[in-house]
Each structure stands twice: as structure tokens, then as C-alpha cells.
Amino acid sequence: MGLGCWSRPVNQRAESQLASRYPEGNSSHERPAHGEGAERTMARSVSYVSAAKLVSMARGNNRLAIIDVRDDERSKQAHIPGSHHYASTGFAARMPELARTTADGKDTLVFHCALSQICSSVAVIQWQEPNASDPVRGPSCARMFSDYLSENKDTGIKNVMVLERGYNGWEALGYPVCRCTDAPCKGTCS
């Protein structure tokens, strides 16, 4: 996946600013866990992973795929190197394609949107197809895909995760981004 460039240092100032955007005690969203190795668990085997943990998981691991569910933003902004694009608009119809595409040796999928905010239990239960302005598109698509996998167990995918703070957090922390138009991104740009 060309992930060697992910070892770039984290922007500590951006990290502090991002952390302040997630106030403690918000009833609709919890503050994501933070730090090396931090993961939060959602219902039914979907967990959150920090950017730092994703970087360490991805190094030399060709069994991991990053799934970008942003819609128009991906073409206007950059994306995480090596990511696959499955827009949240129409995502439900493309789940069988995603399962076939990633079944080729992938066992971990990490979903993200722009923010990947943690879903409230109501959002998880209702799991309507997300729209372009929804800050929980990544978690919602991960949940839908996890449910799809539960019904279709022969895919080989064992882990479904969500990138904490999404693409915006990834970029703000100083991790590399790619501006190529390849689909999927080959991960060779930085």
C-alpha cells in the first residue's frame, strides 16, 4: 500500500486543538479515545482506532484496507494514501462489491468520513444510509457493512474499524495525504 511515508511526526498543536473540539459529557457523541493504541468499541465488533494506531497497524500489513466514504469532498480534498473510495451516497448498494473487492486477502477494514464522530446508540440502531453532511458517515457505513458481514460470513474480513476524527483529524495531525485520482489510490504519493 505504500504506507512507509506514514511515519511522519504528529503535529502536537493540531492534536491539542482537535482534542478541544470533543467536549466531555456530550450526550450525542462521546469524546474519542486518544493516544497510542487507543481503541473504543462500538456495538457488535466495530471499534475505533486512533490515527497513530492505524499507522502502526498499516506498516507492512497488506491485509488492511482503508475505506473512505466521503462523497464530493474526496475529489475536492486529498485522501489517505492507499485508501479505497466508496461514497456514503449509495453505499448500501455497493456493499457486495466492497466485500468482493476486499475479500482478496484483506482481513481488516478501517472506515472514515470527514469527521467520523462516534455514533450515539440511536444512530447505530437506525443506520439509515448517511448523507453528505452527516458527521457519522464513516461509523454508519462501518455499522452497515458489519451487519452485512454478519449475514455473509464467508468474506474473510474479521475486523471492521472506524478512524477516530476521520480524514480531517488525520490531516490536521500531519499525517501524509494524497491528491491522486487513482481508484483505488496506489498509496505511492505523499
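Trainee: How far from the centre of the ring of Y167 does the charged end of R70 sit?

Mentor: This is a predicted model, in which local features need pLDDT of at least 70 and side-chain atom pairs count only at pLDDT 80 or more, while totals for chains, interfaces and linings use all residues. Residues are numbered from 1 along each chain as its sequence is written, and side-chain values use heavy atoms, with hydrogens and water left out. A charge sits over a ring if NZ of Lys or CZ of Arg is within 6 Å of the ring centre and within 35 degrees of the ring normal. The charged end of R70 sits over the ring of Y167, and its distance from the ring centre is 4.1 Å.

Trainee: How many aromatic pairs are there?

Mentor: Rings of Phe, Tyr and Trp (its six-membered ring) pair if their centres lie within 6.5 Å, and planes under 30 degrees apart count as stacked, over 60 as edge-to-face and the rest as tilted. By this rule, the number of aromatic pairs is 4.

Trainee: Which kind of pair do F91 and F111 form?

Mentor: The ring centres of F91 and F111 are 6.0 Å apart. With 80 degrees between their planes, the pair is edge-to-face.

Trainee: Is T108 buried or exposed?

Mentor: Buried means under 20% relative accessible area, exposed over 50%, and partly exposed in between (1.4 Å probe, protein chains only). Because the relative accessible area of T108 is 6%, this residue is buried.

Trainee: Which residues do ring pairs link into a cluster?

Mentor: The rings of F111 and F145 form a tilted pair, because their centres are 5.9 Å apart and their planes stand at 50 degrees. Ring pairs link into a cluster the residues F91, F111, F145 and Y148.
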